[in-house]
Each structure stands twice: as structure tokens, then as C-alpha cells.
Amino acid sequence: MTNEMLNQILTNINQLVYKNEDYAIRSIDSNIDIVNINDKECIDQNSYEFYDFILIKNHDIKSTLKYVGIILDMITDLHFYILPNFRGKGYLQASLNTSILPFLSFYDEDRKVQRLSFKESQIKEYFINQFGFKSIGDYEAEKNLASDDVKLYDCANEKKMKLSNELKNEMMQNLIDALLKIKIDKTAVGLCKRRYV
């Protein structure tokens, strides 16, 4: 996944381009949200795979952008992209070891280690120095998710996908409307058959 593609997906999410698609953003904590999107809609491929994207929230109240970073969870690798104007402002420091890695470890119990691959050794050194990753090759590093600086994920603080009464009522009304349309269509089909018999 290229930076350009991640930038486009992040832009589309910020501009509500996918609003009418079947996806929902789920808040994990005050720093991150997670969204699961069909790659046909966001990556322009001809498959129906769904991918988890971790969204890093913007804490600059003067900015209109809701999210300043996006991470594609490829399980064996994470693809990071932070908007250029927000780099170096501590967004990853505020969330990687305290929110993102704990969340990934909690929801994927088999994930004991997180590996990353890098195109540039400079970025690899950044992750080693800032986040405690260990080098495992020229362009690879990994981190034990049970290490001391990765906090335990507190699922009690997670804002689970609870539906508000307003949303429940709207969904129920949509269901009732759909059932009514089906009944009307069946009735119309039955009337047409009687006319031509």
C-alpha cells in the first residue's frame, strides 16, 4: 500500500466520501478510531476483502480535519501514514504504545509480536529509538507486544458499538419501510397475475 493510496483513503474518510457505503467508524479511545472498509471501495481493486484501518484523531481544535493519520493493519506489517503538516507533533508517540499496539494485541490474541518493514533505514531507526522496536534485518524490525512500554489494553474504556435510541429507532423504521415495500410489491404482482389469468 503506497503513501498516496493511504493519503487518498484518509482524505476520503475526512471528507465523508464513504458515508453511504457499508462501514462504521468505531472509537477505541481518545486517540484512535478503527474502520473496516471493503478494498474495492477504497483501494480500487477487484476483490471484496475488508481491511482494518486505524485512524489517528486530530487534537488541534483549530483544524477542521478529524483524522491526521491512518494505519493499514496487514497483521504481519503495519502501513503508517501521517499527513505531512502533522508529522513531528507527537501523534504516533501519543498512541502507538498506549493505544494502537495494545488494541491489536488484545483483539488478536495470537499476535504476540508486531513486525514492521521499512523502505528507508532512517524510518526504521526512528521506530527503534522512539518506540522500542528491535532490528531483525536491514529493513525490518519487531516489537514484543508484552514489553513493558506497551500498555495493557483496557477494554472497559472502549466505547463499544452501542446504538443510541435514535439510531435504533431509525434502523427499525427503515426495516418497517422495507417490509412494507416488499408487501406492496407482492400485492401488485398478485393483482397483475389475476388480471391476465
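Buried means under 20% relative accessible area, exposed over 50%, and partly exposed in between, with a 1.4 Å probe and protein chains only. This is a predicted model: local features need pLDDT of at least 70, side-chain atom pairs count only at pLDDT 80 or more, and totals for chains, interfaces and linings use all residues. Residues are numbered from 1 along each chain as its sequence is written, and side-chain values use heavy atoms, with hydrogens and water left out.

**Overall make-up**

- The protein chain has five helices and eight strands. Helices (H or I, at least four residues) and strands (E, at least two) are DSSP runs, numbered from the N terminus.
- Along the sequence the pattern reads α-β-β-α-β-β-β-α-β-α-β-β-α.
- Of the 197 residues of the protein chain, 34% count as buried.
- Among contacts between residues at least 6 apart in sequence, 49% join residues at least 24 apart. Contact means heavy atoms within 4.5 Å.

**The three-stranded sheet**

- Three strands form an open sheet in the order E6-E8-E7, with antiparallel pairing. Two strands pair if DSSP finds at least two bridges between them.
- Strands E6 (113-117) and E7 (134-137) are at the edges, each with a single partner strand, so one side of each has no neighbour in the sheet.
- Neighbouring strands of the sheet are turned by 30° against each other on average, direction ignored. Axes here are lines fitted to C-alpha atoms, for helices over the stretch in contact; angles run from 0 to 180 degrees between N-to-C directions.
- Five bridges join E6 to E8. Arg115 has Glu142 in E8 as its bridge partner.
- Three bridges join E7 to E8 (residues 140-144). Ser135 stands opposite Ala141 in E8.
- In a regular strand the side chains alternate between the two faces of the sheet.

**Aromatic rings**

- There are nine aromatic pairs. Rings of Phe, Tyr and Trp (its six-membered ring) pair if their centres lie within 6.5 Å; planes under 30 degrees apart count as stacked, over 60 as edge-to-face and the rest as tilted.
- Phe80 and Phe127 make a tilted pair, 5.1 Å centre to centre, with 50° between the planes. Phe80 is in strand E5 (residues 78-82) and Phe127 in helix H4 (residues 121-131), 47 residues apart. Both are buried.
- Phe127 also pairs with Phe131: the centres are 5.3 Å apart and the planes at 45°, so this pair is tilted. The two residues are four apart in H4, about one helical turn. Phe131 is buried too, like Phe127.
- One aromatic cluster takes in Phe80, Phe118, Tyr126, Phe127, Phe131 and Phe133.

**Charges over rings**

- The charged end of Lys89 sits over the ring of Phe86, 5.5 Å from its centre. The rule asks for NZ of Lys or CZ of Arg within 6 Å of the ring centre and within 35 degrees of the ring normal.
- Lys143 lies over the face of Phe133, at 5.8 Å from the ring centre.

**The nonpolar core**

- The largest nonpolar core has 40 residues, and Ile70 and Phe127 have the most contacts inside it. Such a core is a set of buried Ala, Val, Leu, Ile, Met, Phe, Trp, Tyr and Cys residues joined through side-chain atoms within 4.5 Å.
- Elements giving two or more residues to this core include helix H1 (3-14), strand E4 (67-73), E5 and H4.
- Leaving aside neighbours within four places in sequence, Phe127 is in contact with Phe80, Leu92, Leu96, Leu116, Phe118, Gly132 and Phe133.
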